[in-house]
Amino acid sequence: MVGSDSKPEVTQKRILGIGYWVQGFRCMPWMAVIFFLKDGIGVDPSTIQLLLSSANLPMVAKPLYGVLSDALYFSGQHRIPYIAFGAFLQALSWLALAILSPSSITIFTMALSLLLSNLGASIAEVANDAIVAELGSSSGELQSFVWIASSAGGVLGNLLGGLIINRVSPQKMFLLFGLLASLQLFLTIMVKESSLNLPKRVSDNGVRKQLSQLQIALKKPAIARSITWFALSYAAIPALTGTMFFYQTEHLKIDSSVLGISKVFGQVGMLVWSLVYNGPLKRVASSRKIIAGLQVVMALFMVSDVLFVKGVYRSIGVPDGVYVVIFSGLLEVLFFFKILPFSVVIARLCPAGCEGSLMAFVMSAIALAMIVSGYLGVALAACVGMSPANEFSGLPKALIVQAICTVVPLYWSSCIPNDNEHEHEHENEESSSSSKTKSE
């Protein structure tokens, strides 16, 4: 009896662990992409920002992938085939970049490959997120497991990328991830979906019916308000990723290995965060307070960046490299810390039958918000006079604006319901449905 119960759990964690670990490891080829664009093609910061932001466009269509995954079955399976297809598209895109001659890779070629890679990653993530939503319930344990798997992949990917970026060509890094995605494809097709012990569901639900269920879920005030606020909390912050990358590498001459270690430090922070959240934190604080608190911490880190750019830390003996490793590494991942408590909120609110669609809609809203954030960052950089690659005099002003934009959404953080409000809502729904049954 124990063996039959534990075997599905082992298979679940194996397929989810591999999937989320590979997605975390994607940071390694993406690090190579940035250096290839800067050094190989000679792209300026604003163009890099636009390209990287636009590459996320396939992720905006995640609700469509979620509806298809919920409604369309292949040989009685509706999760494993999508994970496999997503891994195939990623392997194809990165292997294509690896075998092309460097002189033939243009911005257009890179953009197409990145779009194809993100399309595959989006499809795979939707299927994986749906499995987590179906099996994770409201405890948050499975969410924390996949968070740890993704963070572990990120730690290794950033560490490896930082160590080898100056030793091997970016195309060899593309090749490495392409082979890894191929391995994920092989391991995924070896798994039968029945071994995951997913909740039984009618397999002939059409796309129209699935869309109708998603629409009903989104009409729930608690769900609609939560997703709207969460997306706006990202979109309102102008991203300065490309500008800060050029400032650190071109102006401060920080070595690429230091940037790699910085990202590793951030990923370790994500691992620690998942353990802290799944341990004492979620027992003593509501999801709303945790998310709002993280928003405040992000703003404080941005103010700290202002002091860094003005040379305050340097004047008191803190090396630039040390600051970049600790503060820049943590600030980059702080943007994603909020996703863990918010995913638990959505898992509590999500109606049965549209887990894949709703979780995909959430990630789509975040992706769209990040794209808007990237475009706003380009506009902000231009407004403060940072268009040239070597002009950073307006960076402190841009960082102050960024910090202000980060705290503004806090005035509407009540849009996210407290944990006890979830329970009362479900109790009201159950009581109303039972009263209807009795009256009938």
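Here is a walk through the fold, from the overall make-up down to single residues.

First, the ground rules. This is a predicted model, so local features are reported at pLDDT of at least 70 and side-chain atom pairs at pLDDT 80 or more, while totals for chains, interfaces and linings use all residues. Residues are numbered from 1 along each chain as its sequence is written, and side-chain values use heavy atoms, with hydrogens and water left out.

Let's start with the whole chain. The protein chain has 20 helices and 0 strands, where helices (H or I, at least four residues) and strands (E, at least two) are DSSP runs numbered from the N terminus. Of its 440 residues, 54% count as buried; buried means under 20% relative accessible area, exposed means over 50%, and partly exposed is in between, with a 1.4 Å probe and protein chains only. The chain exposes about 19,000 Å², and carbon and sulfur atoms supply 67% of that. Those areas come from the Shrake-Rupley method with a 1.4 Å probe, and for residues only the protein chains shown count as cover. As for contacts (heavy atoms within 4.5 Å), take the ones between residues at least 6 apart in sequence: 87% of these join residues at least 24 apart.

Now for the helix pairs. Two packed helices are described by the angle between their axes and the distance between the axes. Helix H6 (residues 80–99) packs against helix H9 (residues 170–189) at an angle of about 160°, with the axes 8 Å apart. The axes here are lines fitted to C-alpha atoms, for helices over the stretch in contact, and angles run from 0 to 180 degrees between N-to-C directions. H6 and H9 are therefore roughly antiparallel, given that angles under 35 degrees count as roughly parallel, over 145 as roughly antiparallel, 65 to 115 as roughly perpendicular and the rest as oblique. H6 passes H9 in a left-handed crossing, that is, the near helix is turned anticlockwise from the far one by less than a right angle (clockwise would be right-handed).

Which residues make this interface? On the H6 side they include Ile80, Ile83, Phe88, Trp94 and Leu95. Across from them, H9 brings residues including Phe174, Phe177, Gly178, Leu185 and Ile189.

A second pair is helix H8 (residues 141–164) with helix H13 (residues 256–284), which pack at an angle of about 165° with their axes 8 Å apart. That makes H8 roughly antiparallel to H13, and the crossing of these two is left-handed. Serine 256 sits in H13 and counts as buried at 5% relative accessibility. Leaving aside residues up to four places away in sequence, serine 256 touches Phe35, Gly162, Ile165 and Asn166.

On to the charges. Side chains of opposite charge can pair when their charged atoms come close. With a salt bridge taken as a side-chain nitrogen of Lys or Arg within 4 Å of a carboxyl oxygen of Asp or Glu, the count comes to 5. Lys38, Asp39 and Glu250 are linked in a network of these bridges. Lysine 38 pairs with aspartate 39 at 2.8 Å, N to O, and with glutamate 250 at 2.8 Å, N to O. The pairing with glutamate 250 links distant parts of the chain: lysine 38 is in helix H2 (residues 27–41) and glutamate 250 in helix H12 (residues 241–251), 212 residues apart.

Glutamate 250 is partly exposed, at 33%. Elsewhere, aspartate 320 forms a salt bridge with arginine 314, their closest N and O atoms being 3.1 Å apart. Aspartate 320 is buried at 17%, and arginine 314 is partly exposed at 39%.

Finally, a look at the backbone. Serine 75 has a phi near 55°, a positive value in a residue other than glycine. Serine 75 lies in the loop between helix H5 (62–71) and H6, and is exposed, with a relative accessible area of 77%. Lysine 253 also has a positive phi, about 60°, although it is not a glycine. Lysine 253 is found in the loop between H12 and H13, and is exposed at 60%.
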